[in-house]
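Please read them with the structure open.

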Amino acid sequence: MTKTLMTLTASAALMAGLAHAEEVRVYNWSDYIDEALLEKFEQETGIDLVYDVFDSNELLQTKMLAGGSGYDVVVPTGTFLQRQIAAGSFQPLDKSKLSNLDNMWDVISDRTAKYDADNAHAINYMWGTTGIGVNVPKVKELLGEDAPLNSWDLVFKAENMEKLAECGVHFLDAPAEMLPAALNYIGEDPDSHDPDVIAKAEAVYEPVRPYIQKFHSSEYINALANGEICVAVGWSGDVLQARDRAAEADNGVEVEYIIPTEGAQMWFDMMAIPVDAPNPDGAHKFLDFIMNAENMAAASNYVYYANGNKASQEFLNEDVIGDPAVYPDEATMENTYTTTPYPPKVQRVVTRLWTTIKSGT
């Protein structure tokens, strides 16, 4: 090999190494960011961004627990984040590299610390609640003008569900959401890990089970939007998507998202850096970019979800910050609750119980 060729080969290797170092790989939920922000990040930093998407925590968790995911930033929900931190899947944040950290909202950070002590491993991206999506005219047609639209009575009282079955009701197929909702409804601790307490949820579902058309965690979006069902227990962002799709279709369907007065569960989608991230420095740059107030506002204005960035609020569109379905008022926020992952032995109890509830046997 000639000296010139050796020099070119070494230069090529160096260039390849630099190119790899200046690539950030992000793994986020589907349809969950304004793509213009991804281009803006590349333009401002000179870093190439590889952006992939997933549609379930389970898929993300499988990749994380297997190791070697190849991603620099991933976005689990709070409960999954907690499990993965315990499994050693994430590295602590170097907060000296996060100049925009002061933009975060203490109200949300205080809650996410339940999953990640001192918020040492993650920042909040988006958050929301689990409540009820309602086709208001249809429900009032069946239950009358005094239908309990703002209460879990709507779906947990058999006399209401018997009538609503005529127009269709879907529940989430998500025991970590649905069992706490039932426990909270009867005055028990929704975050209980006591199998005897959790078992009490069965008595809530037994009388209404015959009237639940389907347990599913995504089909209710289109079903609500198209008028195929009139009620769904679901996630705030999904119900708001259904509302907007119905409005765009101008099909006469009017969907509203309800946070029941008895309380609702809050969920949090968190951005974290895997312990084996190929480019942790680039990952910190991406997190800091996201925490810029105007960037975070652009993300929320695009997806119509609330975010954990207080400074972004002055840049939010009025139909985002002013919508109580997206940003609940203080009293409603105080009436929400959070849950933590079930220990493995309790999880097995929960899985069996949920199978029994869904089968109705």
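This is a predicted model: local features need pLDDT of at least 70, side-chain atom pairs count only at pLDDT 80 or more; totals for chains, interfaces and linings use all residues.

1. **The nonpolar core.** The largest nonpolar core holds 116 residues. Val 139, Val 155, Phe 171, Leu 179 and Tyr 205 have the most contacts inside it. In soluble globular proteins, nonpolar side chains tend to be buried together.

2. **Val 155 within that core.** Start here if you want to look at the packing. Setting aside residues up to four places away in sequence, Val 155 touches Ile 132, Met 161, Phe 171, Val 208, Val 231 and Val 233. Phe 171 is also on the list of core residues with the most contacts.

3. **The cavity.** How many cavities of 30 Å³ or more does a search of the whole structure find? The search finds one. The largest cavity contains about 60 Å³ of space. Its lining includes Trp 127, Gly 128 and Thr 129, as well as Ser 236, Gly 237 and Leu 240. Tyr 304, Tyr 305, Ala 306, Ala 325, Val 326 and Pro 328 also line the cavity. Strand β4 (122-135) and helix α13 (236-249) each give the lining at least two residues. By type, the lining has eight nonpolar residues, four polar and no charged.

4. The largest pocket contains about 1,400 Å³ of space. It is lined by 48 residues, and those closest to its centre are Trp 29, Asp 55, Ser 217, Trp 235 and Asp 238. Two or more lining residues come from each of α3, α4, α9 (175-185), α13, β9, α15 (293-303) and α18 (344-359). Which element supplies the largest share of this lining? It is α13, with seven residues. The pocket lining divides into 21 nonpolar, 16 polar and 11 charged residues. Note that α13 also contributes to the lining of the largest cavity.

5. **Helix α4.** This helix spans residues 78-86. Gly 78, Phe 80, Leu 81 and Gln 84 are its buried residues. Seen down the helix axis, they fall within an arc of 155°, so they line one face of α4. What do they pack against? Their partners are α3 (57-66), β4 and β9 (264-272). After α4 comes Gly 88, with a positive phi near 80°.

6. **Met 126.** This residue lies in strand β4. Is Met 126 buried or exposed? Its relative accessible area is 0%, so Met 126 is buried. Apart from neighbours within four places in sequence, Met 126 contacts Tyr 32, Trp 267, Phe 268, Asp 269, Met 296, Ala 299, Ser 300, Val 303, Tyr 305, Ala 306 and Asn 307. Asn 160 is 34 residues from Met 126 along the chain, and their C-alpha atoms are separated by 33 Å.

7. **Val 136.** Helix α6 (residues 136-143) contains Val 136. With a relative accessible area of 11%, Val 136 falls under the 20% cut-off and is therefore buried. Val 255 lies 119 residues away in sequence, yet 6.4 Å away in space, C-alpha to C-alpha. Beyond its neighbours within four places in sequence, Val 136 is in contact with Leu 149, Glu 254 and Glu 256.

8. **Positive phi outside glycine.** Please check two aspartates. Asp 31 has a positive phi near 50°. It sits in the loop between β1 (23-29) and α2 (35-45). Asp 31 is exposed, with 70% relative accessible area. Asp 250 likewise has a positive phi near 50°. Asp 250 is in the loop between α13 and β8 (255-258). Its relative accessibility is 68%, over the 50% cut-off, so Asp 250 counts as exposed.

9. **Thr 45.** Helix α2 contains Thr 45. Its relative accessibility of 31% lies between the 20% and 50% cut-offs, so Thr 45 counts as partly exposed. Thr 45 and Gly 282 are separated by 237 residues in sequence, and by 9.2 Å from C-alpha to C-alpha.

How values were computed
Residues are numbered from 1 along each chain as its sequence is written. Side-chain values use heavy atoms; hydrogens and water are left out. A nonpolar core is a set of buried Ala, Val, Leu, Ile, Met, Phe, Trp, Tyr and Cys residues joined through side-chain atoms within 4.5 Å. Buried means under 20% relative accessible area, exposed over 50%, partly exposed in between (1.4 Å probe, protein chains only). Contact means heavy atoms within 4.5 Å. On a 1 Å grid over the protein atoms alone, a cavity is a set of points where a 1.4 Å probe fits but cannot get out, and a pocket is an open set with protein on both sides within 12 Å along at least five of seven lines; lining residues have an atom within 4 Å of a point. Grid points are joined across faces, edges and corners, and a volume is the space filled by probe spheres set on the points. Helices (H or I, at least four residues) and strands (E, at least two) are DSSP runs, numbered from the N terminus. Ala, Val, Leu, Ile, Met, Phe, Trp, Tyr, Cys and Pro count as nonpolar, Asp, Glu, Lys and Arg as charged, and the others, Gly among them, as polar. The arc is that of the directions from the helix axis to the C-beta atoms.
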